[in-house]
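Hi there,

Here is the structure I promised to pass on to you.

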Amino acid sequence: MAQVQPTQHRRRPRYAGKNPRKFEHKYKEHAQDSETLAKVRAAGKTPAGLHVPILLPQIMQVLAPKPGERAVDCTLGSGGHAAALLEAGATLLGLDQDPLEIERTETRLREKAAPEALIVKRMNFAGLPRALAEVGWEDGADVILADLGCSSMQFDNPSRGFSFKHDGPLDMRMNPKRGVSARDMLQKLSASKLQSLLSENADEPRAEILAQALAGTDQVSTTAFAAAIRSALPFRLDEDEREATVRRVFQALRIAVNEEFTALDTFLNQLPDCLRPGGRVAILTFHSGEDRRVKHLLRDALRGGIFSETNDDVIRPSAEEIRSNPRASPAKLRWAVKA
Ligand SMILES: C[S@@+](CC[C@H](N)C(=O)[O-])C[C@H]1O[C@@H](n2cnc3c(N)ncnc32)[C@H](O)[C@@H]1O
């Protein structure tokens with residue numbers, strides 16, 4: 001008879017003081033202890049391991065999913081928007097390229113959804129037509145949502161290397177099983193390539209001096225890279241502008257590592273064919289490079305009669321939403337209806 005092995009006791013990570021500061025120490029937030037989550041939210045922070053869905057009521061209003069309709073969430077994240085689409089009675093196809101978070105999200109969503117109401121696929125949304133064909137929706141969906149960029153789980157986890165606020169390896173891949181890390185990319189980039197990447201991906205005004213200082217360097221960690229960016233900047237810059245520059249350089253590199261604009265352009269070109277007549281799309285963007293692309297596609301498709309309606313003015317989060325979730329601050333929502 002096979003011997004039952006005793007399960008190994010694992011010690012809870014220890015931290016000094018009353019409140020855990022490090023991501024790995026926030027075990028109550030990771031376990032989603034409701035009292036702890038309420039306290040963290042009341043302090044205007046996002047609990048570690050969770051993502052607060054942005055502009056949720058506004059997105060649900062423009063997408064208006066009806067029971068039995070086909071909905072696609074192209075960026076599942078922690079499933080906040082997806083849960084609302086399922087609650088409205090839609091059948092949901094959820095996509096995300098992140099292999100680390102998608103399983104946890106699927107498990108959470110399955111607790112509340114009928115088995116046939118939810119299909120989850122780990123894939124890039126650039127392959128949306130293939131995903132639709134695989135589930136027998138080749139004639140399109142009724143509702144499509146894309147909430148671009150990274151989730152809080154990705155930003156907050158130091159081992160993913162997205163944020164200069166936590167020390168971790170300079171990685172930045174949403175799918176760590178594919179492509180090259182930010183560290184490897186930076187080592188191989190020429191100064192001219194890095195300069196154009198900083199200008200195009202983040203409108204960086206000091207792209208030239210930054211590229212001269214950083215291209216080809218070996219940056220082992222996120223915090224070491226942030227320090228290298230700060231020290232490459234002119235002395236006279238104030239603290240706020242210095243930090244804003246670090247944020248822009250991280251954004252530019254993350255976009256390159258994940259080929260975000262290539263995926264977005266492919267998705268936008270295919271989008272009209274992926275919607276049924278009367279179908280609705282909502283896209284949340286977080287910086288000008290994304291928003292410009294979405295605005296042009298929706299405007300051109302409206303002029304071409306492919307869409308019957310779209311919003312002229314972007315929808316932005318209220319001051320109250322930004323106070324309770326500062327990550328909502330740069331968000332812009334655009335939507336359209338297929339003719
Ligand atoms: C802002 S989060 C989405 C949050 C989600 N709406 C929620 O309520 O939790 C963006 C997610 O999109 C995923 N993502 C970004 N680009 C992608 C792409 N090209 N294909 C598939 N997933 C992508 C990221 O891995 C991340 O999980």
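This is a predicted model: local features need pLDDT of at least 70, side-chain atom pairs count only at pLDDT 80 or more; totals for chains, interfaces and linings use all residues.

Residues are numbered from 1 along each chain as its sequence is written.

Let's start inside. A nonpolar core here is a set of buried Ala, Val, Leu, Ile, Met, Phe, Trp, Tyr and Cys residues joined through C-beta atoms within 7 Å. Buried means 20 or more other C-beta atoms within 10 Å, exposed means 12 or fewer, and partly exposed is in between, with C-beta atoms placed from the backbone. The largest core has 52 residues, and V143, I144 and A282 touch the most other members. Beyond residues up to four places away in sequence, I144 touches V72, C74, C274, L275 and V281 (contact means C-beta atoms, placed from the backbone, within 7 Å). A second, separate core has 26 residues, among them L194 and A252.

Next, S308. This residue sits in strand β6, residues 307–310 (strands are DSSP runs of E, at least two residues, and helices are runs of H or I, at least four, numbered from the N terminus). S308 is partly exposed because 13 other C-beta atoms lie within 10 Å. Leaving out neighbours within four places in sequence, S308 contacts V337 and A339.

Finally, I315 lies in the loop between β6 and α15 (319–324). With 17 other C-beta atoms within 10 Å, I315 is partly exposed too.

Happy exploring!

How values were computed:
Two residues are in contact if their C-beta atoms, placed from the backbone, lie within 7 Å.
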